[in-house]
Amino acid sequence: MRVEQIAVFLENKSGRLAEITAILAENNINIRALSVADTADFGILRLIVDQVAEAEKALRANGFTVGKTTVIAVEVPDRTGGLATVLKCIEKEELNVEYMYAFVNKTGENAVLIFRFDEMDRAIESLQRDGFTILESKQIYSL
Amino acid sequence: MVWDKNENMARADLEQLQMERLQSTLYRVATHVPFYRNKFSDLKIDGESFTSLSDLSKLPFTTKQDLRNNYPYGMFAVPLRDVVRIHSSSGTTGMATVVGYTKKDIDTWSNLVARILTAAGVGKEDVIQIAFGYGLFTGGFGLHYGAEKLGASVIPISAGNTRRQIQIMQDFKTTALVCTPSYALKMADVMMDLGINPNGLSLKYGLFGAEPWSEKMREEISERLGIIATDNYGLSEVMGPGVAGECQECNGLHVNEDHFLVEILDPETLEPVMAGEIGELVITTLTKEAFPVIRYRTRDLTRMIPAPCPCGRTLHRIQRIMGRTDDMLIIKGVNVFPTQIEAVLFDIEGTQPHYNLVVEREHNEDKVTVLVEVVESIFFDQMKKQRTMVDTIKKRLAAELGVGVNVKLVEERSLERYNGKSSRVIDKRQL
């Protein structure tokens, strides 16, 4: 039910993001989804990749500070209102969302929403109860 | 005009007085302070065998670490019930130094500050605005008690709130200003912003200290505020302000030698330098009761000015302090040791921290940025947590150092690794 996400510290210097993607490419690691949260002073890059351990190793070897955490991937049909239905459920259950980001599946039918909740277990339980599909990690990595 | 006649003493009489007072101090510390008793015993020193001031070189040194090791009251030469005042430097256990004063010490201190105020031109008809922080630092209270002893009208305004300071300066008709030199310039800037002409103020004198400043800064301060700006020097380990101060010649600080025996030594060899050469100022107190110190290494660099002063005082002068022999910085008048920053970061990170300390001066105000290399223990995927971490580091550093700093996270291994201590600090101020 839980998907591993890598977070990388980004100093506000140009080229850091390009360097990170180059390192992953060199190591044949595929990025499934990414999001950047930024302030004036620094950024946090969040990545869903297909080989978590290898990505961590490669990035650390190149001097990046890497953290790992678990997130939930929720599948919704890729049409208007898709996101709204998920958020309604979350609001009803009073679940606190730390952050989220989304991407569209290649096959074009579904979108995937990545969530980090304060209460992961309760979030999984509530979303499943309301009929939402929560993806397994191997499903994400092979999208 | 002098405050007391010792300022004009004949040198031979002064040396006689110093000798008597040194013997009394040696007896006091050998009897009451275990640190010195042990040191004297190890070196087989017997105070009674001292016959001349040149015997001083046989005595052991005292360092800041010695004071830290004896935190809090280990160096006191009197029981605590006789201590009427306690002052301290910033920092937590292991870094702070604590000093104490008997009633007589406070009286002596007040008189010595009254001396330097008088030398600077201030008298009992003056209105003194003391814009040094009142608290555990010796600056505020030191100047306050001296100004009161002098009989001047004291405004204990403490530091900060510049607009109010200027308002009070106008309304209360301040004639003498006491603060750090950079704060004086900041006040001048704010006056300009507010359209206030300093010539319309009643200001005549300024006594500045607690941080190093250049002749160029003095010119700027005296021109912009229309005052005679003098330098004064002191350190809490030895007493506080009042150890030395400039007369209106503004050419060197007269040392209160009847209370402090000074030496200028080579910081490496610890031998006296040639007359007039630069070296480390080492001070022995001659009249302190609660907290006497023997050959205290100040780490401040200066030189004696051998020529007699036109003002007529026979007390020798030292030149304005020109630097440090250690890595201590003075930021907004507060002493900061890079190791203090290291201790806080180590505690937060749980590992050996890597950081740089960048000090700049913007609009006459010191600005400090601590660049901290990110490590996993302080990195979070959640922005709120990451920003809270930066805030936590900021607050804890401010609490430890006694001065506010900016904190910026930088990537691992992006800062130069240092070999010696000094390369962690990037001081861009042109002092």
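Predicted model: local features only at pLDDT ≥ 70, side-chain atom pairs only at ≥ 80, totals over all residues.
Leu345(B) touches Pro353(B), Tyr355(B) and Val372(B), once neighbours within four places in sequence are set aside; contact here means that two C-beta atoms, placed from the backbone, lie within 7 Å. Leu345(B) sits in helix α9 (residues 338-349) of chain B, where helices (H or I, at least four residues) and strands (E, at least two) are DSSP runs numbered from the N terminus. Leu345(B) is buried, with 24 other C-beta atoms within 10 Å. The cut-offs are 20 or more other C-beta atoms within 10 Å of a residue's own for buried, 12 or fewer for exposed, and anything in between for partly exposed, with C-beta atoms placed from the backbone.

Residues are numbered from 1 along each chain as its sequence is written, and chains are lettered from A and ligands numbered from 1 in the order in which they are written.

**Domains**

- Chain B splits into domain 1 (1-326) and domain 2 (331-427), with bounds that come from an automatic or database domain assignment.
- The C-alpha centres of domain 1 of chain B and domain 2 of chain B are 31 Å apart.
- Where they meet, domain 1 of chain B puts in 12 residues and domain 2 of chain B puts in 13.
- The domain 1 side of that contact in chain B is made of 3 nonpolar, 6 polar and 3 charged residues; Ala, Val, Leu, Ile, Met, Phe, Trp, Tyr, Cys and Pro count as nonpolar, Asp, Glu, Lys and Arg as charged, and the others, Gly among them, as polar.
- Chain A is also assigned a domain 1 (2-68) and a domain 2 (70-141), and their C-alpha centres lie 22 Å apart.
- In chain A, 10 residues of domain 1 are in contact with 12 residues of domain 2.
- On the domain 1 side in chain A, the elements giving two or more residues are β1 and β2 (31-38), and the residues on that side come out as 4 nonpolar, 2 polar and 4 charged.

**Where the chains meet**

- Between the chains, 16 residues of chain A contact 17 residues of chain B.
- On the chain A side, β1 (2-11), β3 (42-49), β4 (66-77) and β5 (97-104) are the elements that give two or more residues.
- By class, that chain A side has 6 nonpolar, 5 polar and 5 charged residues.

**Helix α1 of chain B**

- Helix α1 (residues 11-32) of chain B has 22 residues and runs 31 Å from its first C-alpha to its last, close to the 32 Å expected (that is, 1.5 Å times one less than the number of residues).
- Which residues of α1(B) are buried? They are Leu22(B), Thr25(B), Leu26(B), Val29(B) and Ala30(B).
- These residues are on the same side of α1(B) because they cover an arc of only 120° around the axis, taken from the directions from the helix axis to the C-beta atoms.
- Asp13(B), Glu20(B), Tyr27(B) and Thr31(B) are exposed on the other side of α1(B).
- The cover over the buried residues of α1(B) includes α2 (34-42), β10 (260-265) and β11 (279-285) of chain B.

**Nonpolar cores**

- The largest nonpolar core has 86 residues, and Leu117(B), Ile128(B), Ile130(B), Ala131(B), Val178(B) and Ala184(B) have the most contacts inside it. A core is a set of buried Ala, Val, Leu, Ile, Met, Phe, Trp, Tyr and Cys residues joined through C-beta atoms within 7 Å.
- Helix α4 (residues 103-119) of chain B gives the most to this core, with 7 residues.
- Another core, of 55 residues, lies apart from it and includes Val3(A), Phe9(A), Val71(A) and Val112(A).

- Most residues other than glycine have a negative phi, and most peptide bonds are trans.
- The Tyr71(B) to Pro72(B) peptide bond is cis, with omega near -10°, and Pro72(B) falls in the loop between α3 (64-69) and β1 (85-88) of chain B.
- Glu94(A), not a glycine, has a positive phi near 55°, and Glu94(A) counts as exposed, with 9 C-beta neighbours inside 10 Å.
- Lys332(B) has a positive phi of about 50° and is in the loop between β16 (329-331) and β17 (334-336) of chain B.
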